[in-house]
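Here is a guided look at one protein chain, written for someone new to reading structures. Please keep the sequence and the 3D view side by side as you read.

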Amino acid sequence: MRYAYAISGALLVGGAAATLALQPPAGAQTAQNEPAAMAATAPRPGAPLSFADLVARLQPAVVNISTKQSIRVQPQANPFQGTPFQDFFGGGGGQEQNAPPVTRQAQSLGSGFLISADGFVVTNNHVVAPGARGATVDSITVILPNRKEYKAKLIGRDPASDLALLKIDGVNLPFVKFGDSTKARVGDWIVAIGNPFGIGSTVTAGIVSALHRSTGAGGAYDRFIQTDAAINQGNSGGPMFDLNGNVIGINSQIFSQSGGNIGIGFAIPAEEAKPVIDTLMKGVAVQRGYLGVGIQPLGEDDGAALGLPKGRGEIINRVEPGGPAEKAGVKTGDIVLKVNGRDVTVDETLSYLVANVKPGGAIRLDVNRDGRSLALNAVAGTRPSEDALAAVANGGNNDNAVPEAGGKGADEAGMSATLGLDVTELTADIRRSLQLEASTTGVVIVSAAPSSDAAQKGLRRGDLITSVNRQPVATVADMARVINQAKATGREAVLLFFQRGRGPGAFIAVRFTK
């Protein structure tokens, strides 16, 4: 979904005719689009009949960017090697099993814009980053609209914000400045310029469709300007302009099932981008706050299980040993409702709020733990690189020792009728089969009824349940006791913490069967 976008739209111009209408009584409620009220919000006289003059000023500062990359790949062995067909497939015996890697060439295309007369260029990180594992970027070329080409130097890049800063050697180059994206309003006209599909400089126009839009990626920069502008591959890194010619966004992503524009594009707001670019221009890395936790959204069923309102708060499913969160007393299962007084919501996630605290800064967490309100104080650490955060090991899950559904002890407490799950005790054989630590305790899922909420949310044979509603369960009887307590208080669901193999655990709310 990392494609830059342009903006297409039509400016509607209409005449106005004087009409007579009865005025409502003073103080009476009127429709939002009552003609008399709409007259004050009609497009201002300065709204252009054409964007041509605006584009003529801005287009010279928008550039095309291309990279040349080398990718080392391991040749695939001929599947017919050693058979009578080896000469018919793969050409004379095929590749040797231990053949050395071969190097192939690749290219990437994108957009960017000049921000100084001496050649600083802003673009997306993914435009100039290696496009595949094992790839290296050999060269970056910046092409101005007058077709003049420059070799570019990478000054710095920040994968978390998907921004990069380049430098070309030039003087008196056309450039543009960042504007104030905080003043943008839904419905404002915008103009975007970029290089879709490498066809050359292209201008499109549209409106701001939404502000502070979260795409679900999390992190410090998951807040975008959404637009109906036509965003396509190759527009990445291009600027979004307001009608005053200020850069209020950097086109970055699209939402699309086909890879083409469907009218949902996203731009990094200038208010988020400019501080990162200013930092990169100084030659230093961008640093962000870090808490050292694994988090997941608090969904509607999670709220039902815990008796909390939906849409607010996130649940902690992992606490990093020795990290800032553990030192502050954060526990697995805590629900963080506020960070430094700001509500944790879909628009302002825990990750976003923490990442925007400087390392060493104070973080006050308002937490719900087992129905109790707590205030915990942490000191922000330094957020590791995105690669380090992504390096999470996936555990194995060999369920050979788990008994078959309906076997002895598989439903001794009636879990099948309650949750649609058959469960059993964790024996030494099952523990070894699932590659679990000797100290691990819990209840193992034998089967999940296909129609159950548990199965539809992904629970399956071999998953280990270690707690229910944040109460540890070591036996099936423990699990039944907590579930019965929840049903007695009128709850419609329970919050399970489960682990798959040796992978990290996660919380999941499961509704009772009807």
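Predicted model: local features only at pLDDT ≥ 70, side-chain atom pairs only at ≥ 80, totals over all residues.

Residues are numbered from 1 along each chain as its sequence is written, and side-chain values use heavy atoms, with hydrogens and water left out.

**The whole protein**

The secondary structure comes to 12 helices and 27 strands. Both are DSSP runs numbered from the N terminus: helices are H or I with at least four residues, and strands are E with at least two. Of the 514 residues, 45% count as buried, where buried means under 20% relative accessible area, exposed over 50%, and partly exposed in between (1.4 Å probe, protein chains only). Contact means heavy atoms within 4.5 Å. Among contacts between residues at least 6 apart in sequence, 66% join residues at least 24 apart.

**A sheet and its helix**

Let us start with an open sheet of 7 strands, in the order β5-β4-β1-β2-β3-β7-β6, with antiparallel pairing. Two strands pair if DSSP finds at least two bridges between them. At the edges lie β5 (149-151) and β6 (153-158), each pairing on one side only. On average, neighbouring strands of this sheet are turned by 30° against each other, direction ignored.

| Strands | Bridges | One partner pair |
|---|---|---|
| β1 (62-73) and β4 (135-143) | 8 bridges | Q69 and V137 |
| β22 (421-425) and β23 (443-448) | 5 bridges | T424 and V444 |

Strand β22 is mostly covered, with 4 of its 5 residues buried.

Helix α4 (residues 270-281) packs on the 7-stranded sheet. Helix α4 touches β3 (120-123), β6 and β7 (163-167), and its direction makes about 45° with that of β7. Axes are lines fitted to C-alpha atoms, for helices over the stretch in contact, and angles run from 0 to 180 degrees between N-to-C directions.

Which residues of α4 are buried? They are A270, E272, A273, V276, I277 and L280. These residues cover an arc of only 150° around the axis, which puts them on the same side of α4; the arc is that of the directions from the helix axis to the C-beta atoms. An α-helix has 3.6 residues a turn, so residues three or four places apart point the same way. The cover over the buried residues of α4 includes β12 (247-254), β13 (265-269) and α7 (350-355). After α4 comes G283, whose phi is positive, near 80°.

**Aromatic pairs and a buried valine**

The structure holds 4 aromatic pairs. Rings of Phe, Tyr and Trp (its six-membered ring) pair if their centres lie within 6.5 Å; planes under 30 degrees apart count as stacked, over 60 as edge-to-face and the rest as tilted. The rings of F113 and F178 have centres 5.9 Å apart and planes at 80°, so this pair is edge-to-face. F113 is in strand β2 (residues 102-114) and F178 in the loop between β7 and β8 (189-194), 65 residues apart. F113 counts as buried at 0% relative accessibility, and F178 is buried at 17%.

V468 lies in strand β24 (residues 464-468) and is buried at 0% relative accessibility. Its C-alpha atom is separated by 6.6 Å from that of V494, 26 residues apart along the chain.
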